Amino acid sequence: MHYFVPRRCSASSKIMYHDQTSARRAAEESRVQRGVELWVYRCELCGTWHLTSRAPGSEGYAAKSTASKPRSRKRGYKPRRR
């Protein structure tokens, strides 16, 4: 039996959709079948369309597209002042 394996973005490991309509269709299928709300965006690195669970107006959505300083995962971590 042959299974379909979708192509994935080398930068983000997300499924690549060639156009916005196919990505929106996949997001709608996910909402109907699993009850998960997903949004569509165009990847700046590979130029194809991906799905994300972050809403377009949320804090993490904007930070993902722009480069930011790496943060520590430690709880309560405060960087040293120089």
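Is Thr 48 buried or exposed? Select Thr 48 to begin: this residue is buried, with a relative accessible area of 11%. Here buried stands for under 20% relative accessible area, exposed for over 50%, and partly exposed for what lies in between, with a 1.4 Å probe and protein chains only.

Two remarks on reading the model are needed before the next stop. Residues are numbered from 1 along each chain as its sequence is written, and side-chain values use heavy atoms, with hydrogens and water left out. The model is predicted: local features need pLDDT of at least 70 and side-chain atom pairs count only at pLDDT 80 or more, while totals for chains, interfaces and linings use all residues.

**The whole chain**

Display the protein as a cartoon. It has two helices and two strands, and from the N terminus on the elements run α-β-β-α. Helices (H or I, at least four residues) and strands (E, at least two) are DSSP runs, numbered from the N terminus. Of the 82 residues, 21% count as buried. With the surface shown, the accessible area comes to about 7600 Å², of which 50% belongs to carbon and sulfur atoms; such areas come from the Shrake-Rupley method with a 1.4 Å probe, and for residues only the protein chains shown count as cover. Among contacts (heavy atoms within 4.5 Å) with a separation of 6 or more, 33% are between residues 24 or more positions apart.

**The hairpin**

Select strands E1 (39-42) and E2 (49-52). The two strands run antiparallel and are joined by four bridges; strands are said to pair if DSSP finds at least two bridges between them. Together E1 and E2 form a hairpin with six residues between them. In the turn, select Gly 47, which has a positive phi of about 85°.

Return to Thr 48, which lies in the loop between E1 and E2. Its contacts, leaving aside neighbours within four places in sequence, are Met 16, Tyr 17, Tyr 41, Arg 42 and Cys 43.

Next, show the side chains of E2. In a regular strand the side chains alternate between the two faces of the sheet. In E2, Trp 49 and Leu 51 point one way and His 50 and Thr 52 the other way, and all are buried.

**Trp 49**

Centre the view on Trp 49, in strand E2. At 14% relative accessibility, Trp 49 counts as buried. Trp 49 is the bridge partner of Arg 42. Which residue has its C-alpha atom 6.2 Å from that of Trp 49? Select Gln 20, which is 29 residues apart from Trp 49 along the chain. Beyond neighbours within four places in sequence, the contacts of Trp 49 include Ile 15, His 18, Asp 19, Gln 20, Ala 23 and Val 40.

**The nonpolar core**

Select Tyr 17, Ala 23, Ala 26, Ala 27, Leu 38, Val 40, Trp 49 and Leu 51: these eight residues make up the largest nonpolar core. Such a core is a set of buried Ala, Val, Leu, Ile, Met, Phe, Trp, Tyr and Cys residues joined through side-chain atoms within 4.5 Å. Helix H1 (20-34) and strand E2 each supply at least two of its residues, and the largest share, three residues, comes from H1. Within this set, pick Tyr 17; leaving aside neighbours within four places in sequence, its contacts are Ser 22, Ala 23, Ala 26, Thr 48, Trp 49, His 50 and Leu 51.

Side chains of opposite charge can pair when their charged atoms come close. A search of the whole structure finds one salt bridge, defined as a side-chain nitrogen of Lys or Arg within 4 Å of a carboxyl oxygen of Asp or Glu. Select Glu 28 and Arg 31, whose side chains meet at 2.6 Å, N to O. Both lie in helix H1, three residues apart, about one turn of the helix. Glu 28 is partly exposed, with a relative accessible area of 38%, and Arg 31 is partly exposed at 39%. Arg 31 also touches Val 36 and Glu 37, not counting residues up to four places away in sequence.

**The cysteines**

The structure holds zero disulfides, a disulfide being a pair of cysteine sulfur atoms within 2.5 Å. Cys 9 is buried at 5% relative accessible area, and Cys 43 is buried at 9%.
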